[in-house]
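Trainee: Could you take me through this model before I set anything up with it?

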Amino acid sequence: MSRIFNFSAGPAVLPEEVLARAGDEMLDWRGSGMCVMEMSHRGKEFMSIAAEAEKDLRDLLAVPANYKVLFLQGGATLQFAQIPLNLLAGKTKADYVVTGEWSKKALKEAQAYCDVHIAASSEDKSFSYAPMDWNVRPDTAYVHYCSNETIGGVEFHSIPKIEKIPLIADASSHILSRPLEVSKFGLIYAGAQKNIGPAGLTIVIVREDLTGKASKGTPSVMDYKQQAAADSMLNTPATYAMYIAGLVFKWLKTQGGLAEIEKRNIAKAQLLYDCLDKSGFYKNSINPKDRSRMNVPFTLKDASMDEAFLKGAQQRGMVQLKGHRSLGGMRASIYNAMPLAGVQQLVVYMKEFEAKHG
Ligand SMILES: *Cc1c(COP(=O)(O)O)cnc(C)c1O
């Protein structure tokens, strides 16, 4: 068996220990004689898997008791609609901060449901920074932002101060990469396939008092209140994805929790950004203090060398470094499960490539 270093933005690398454990438990989950995929979601075995996953996630993020943790489907993209459907609560306005591709998509989807206002935007500088000065309407139902732009590589390293109005974050690509003050938010959501587990699972953490006011016509599976009342099992949930996510939560705990994982993520990101900044060959154009620790886009001095760069990386066991089609260039996603050794190997290769072609 040989494992490569996978720098994909998502679906992305998972901890080897988690995959090995899932392999060991594939045919017989802990004496049940069944694979988790074969279990009834109402049976005691799966109910215990789901309850433990929720408990471990709550422990990791220190989720306050007045927040519900939901394990839903439809990806982060469904949340773009589900949020206005649930949180407008009779109001007609919602404010959005625009910092790149994902926040633009969230805003566009919300336009079908309400009067949308851009509270802040970094478009003036090609989405290269995290604007902290927001102009939020006092009668808006909520304000939404993307706390880590997966494509552009911009991360909010502090939580914008918003008073009284619920703050909503799309944290898909950096949730669990660092401790998070959940109480500052009305709702946090994340598709699982970046930093949690398999695609098909979406985590929503929502302040309980914001639920129960869904617009008329909201499908019941999209109503946070109904899902919370049913422990996210209003219908059959993404059982196997929940099980793997649960194993990832346990893995994070054994690594020392989010404070420890954050240290490692800082070290990995620093190594890569140092390499970029010290070279005259590679370039990352994000404002240094707003650079993402998870998604690191960069360009080569000459785009005609992109193919050769990617080919050489592949030959050395490093894949999925091609940048998003909308930006070109390269992107290294270095989520929790990417070991330091992967980033070290990438940096060695980058220096080698620069020496040869620079
Ligand atoms: C990947 C991603 C999405 C979309 O997730 P889906 O699960 O494909 O719907 C939304 N927001 C951010 C920040 C992402 O990284």
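This is a predicted model: local features need pLDDT of at least 70, side-chain atom pairs count only at pLDDT 80 or more; totals for chains, interfaces and linings use all residues.

Trainee: What does the secondary structure come to?

Mentor: The protein has nine helices and 14 strands. Helices (H or I, at least four residues) and strands (E, at least two) are DSSP runs, numbered from the N terminus.

Trainee: And what is the radius of gyration?

Mentor: The protein has 21 Å, which agrees with the value near 21 Å for a compact globule of 358 residues. That radius is taken over C-alpha atoms, and the globule rule is 2.2 Å times the number of residues to the power 0.38. Along the principal axes, the C-alpha atoms fill a box of roughly 60 × 55 × 30 Å.

Trainee: How much of the protein counts as buried?

Mentor: The share is 55% of the 358 residues. Buried means under 20% relative accessible area, exposed over 50%, and partly exposed in between (1.4 Å probe, protein chains only).

Trainee: Changing topic, how many salt bridges does a search of the whole structure find?

Mentor: It finds 25. A salt bridge here is a side-chain nitrogen of Lys or Arg within 4 Å of a carboxyl oxygen of Asp or Glu.

Trainee: Which side chain does lysine 253 meet in a salt bridge?

Mentor: Its partner is aspartate 59, at 2.7 Å from N to O. The pair links distant parts of the chain, 194 residues apart: lysine 253 lies in helix 6 (residues 239–254) and aspartate 59 in helix 2 (residues 44–61). Lysine 253 is partly exposed because its relative accessibility is 33%, and aspartate 59 is partly exposed at 38%.

Trainee: What about arginine 293 and glutamate 262, buried or exposed?

Mentor: Both arginine 293 and glutamate 262 are buried. They form a salt bridge, with the closest N and O atoms 3.0 Å apart. Arginine 293 sits in the loop between strand 11 (282–283) and strand 12 (295–300), and glutamate 262 in helix 7 (residues 257–278), 31 residues apart.

Trainee: Which residues do shared partners join into one network?

Mentor: Salt bridges with shared partners connect Glu52, Lys55, Asp56, Asp59, Lys250 and Lys253.

Terms used:
Residues are numbered from 1 along each chain as its sequence is written. Side-chain values use heavy atoms; hydrogens and water are left out.
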